[in-house]
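Please read it with the coordinates open.

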Amino acid sequence: MAVFNGTNIAITLGGTAIANATECSVTLNQETIEVTTKDSAGNRELITGLKSGSMSVSGLQEVSGGNGIKALTGTFDTGAAVALVFDQDSTGGETFAASGILTSLELSGGTEDAPTYSASFELTGAITKGTT
């Protein structure tokens with residue numbers, strides 16, 4: 001089994017890894033359409049429908065860098081779809097690339113705790129699978 005370190009997984013925004021990330025994920029969805037008829041002999045039948053997905057990232061805030069929280073707040077301000085890549089940065093790892101719209105951005109900080117962020121993107125259009 002060729003397991004690799006999750007530290008090597010990143011989400012890039014416009015070609016640059018989102019800085020100070022501690023977690024990231026991609027979710028791929030395949031909807032189904034029910035096509036059960038009286039001829040289905042009491043069995044449910046489905047065909048494939050729309051594909052969709054989302055990406056999320058969370059990490060530590062750093063206000064001095066341009067590719068972390070500043071990139072995310074700038075993306076939120078524009079509201080435009082941005083180029084995203086979920087990259088498993090290891091030999092033979094898979095990548096998932098798509099355009100995404102930032103739908104959620106949370107900034108938080110507690111007493112005597114490092115300030116954090118979390119961001120969620122809904123993917124729009126085709127989701128392209130590749131390898132690193």
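**Notes on the model**

1. The largest pocket has a volume of about 170 Å³, and of its 13 lining residues those closest to the centre are Gly6, Thr7, Ile9, Ala21 and Cys24. A pocket here is an open set of points on a 1 Å grid over the protein atoms alone, where a 1.4 Å probe fits, with protein on both sides within 12 Å along at least five of seven lines, and lining residues have an atom within 4 Å of a point. Grid points are joined across faces, edges and corners, and the volume is the space filled by probe spheres set on the points.

2. This is a predicted model, in which local features need pLDDT of at least 70 and side-chain atom pairs count only at pLDDT 80 or more, while totals for chains, interfaces and linings use all residues. Residues are numbered from 1 along each chain as its sequence is written, and side-chain values use heavy atoms, with hydrogens and water left out.

3. Strand E3 (21–34) provides four residues, the largest share of the pocket lining, and strand E1 (9–13) is another element that supplies at least two. Strands (E, at least two residues) and helices (H or I, at least four) are DSSP runs numbered from the N terminus. By residue type, the lining divides into eight nonpolar, four polar and one charged.

4. The seven strands form an open sheet in the order E2-E1-E5-E6-E7-E4-E3, with antiparallel pairing, and its edge strands, E2 (16–17) and E3, each pair on one side only. Pairing requires at least two DSSP bridges between two strands; E1 and E2 are joined by two, in the antiparallel sense, and threonine 12 has alanine 17 in E2 as its bridge partner.

5. Isoleucine 11 deserves a separate look. Leaving aside neighbours within four places in sequence, isoleucine 11 is in contact (heavy atoms within 4.5 Å) with residues including Ile18, Cys24, Met55, Val57, Leu84 and Phe86.

6. Which residues have a positive phi although they are not glycines? Alanine 41, in the loop between E3 and strand E4 (46–60), has a phi of about 55°, and glutamate 112, in the loop between strand E6 (94–108) and strand E7 (116–131), also has a phi of about 55°. Most residues other than glycine have a negative phi. Alanine 41 counts as exposed because its relative accessibility is 66%, and glutamate 112 counts as exposed because its value is 81%, where exposed means over 50% relative accessible area with a 1.4 Å probe and protein chains only.

Terms used
Buried < 20%, exposed > 50% of the residue type's maximum accessible area, 1.4 Å probe, protein only. Nonpolar A, V, L, I, M, F, W, Y, C, P; charged D, E, K, R; others polar.
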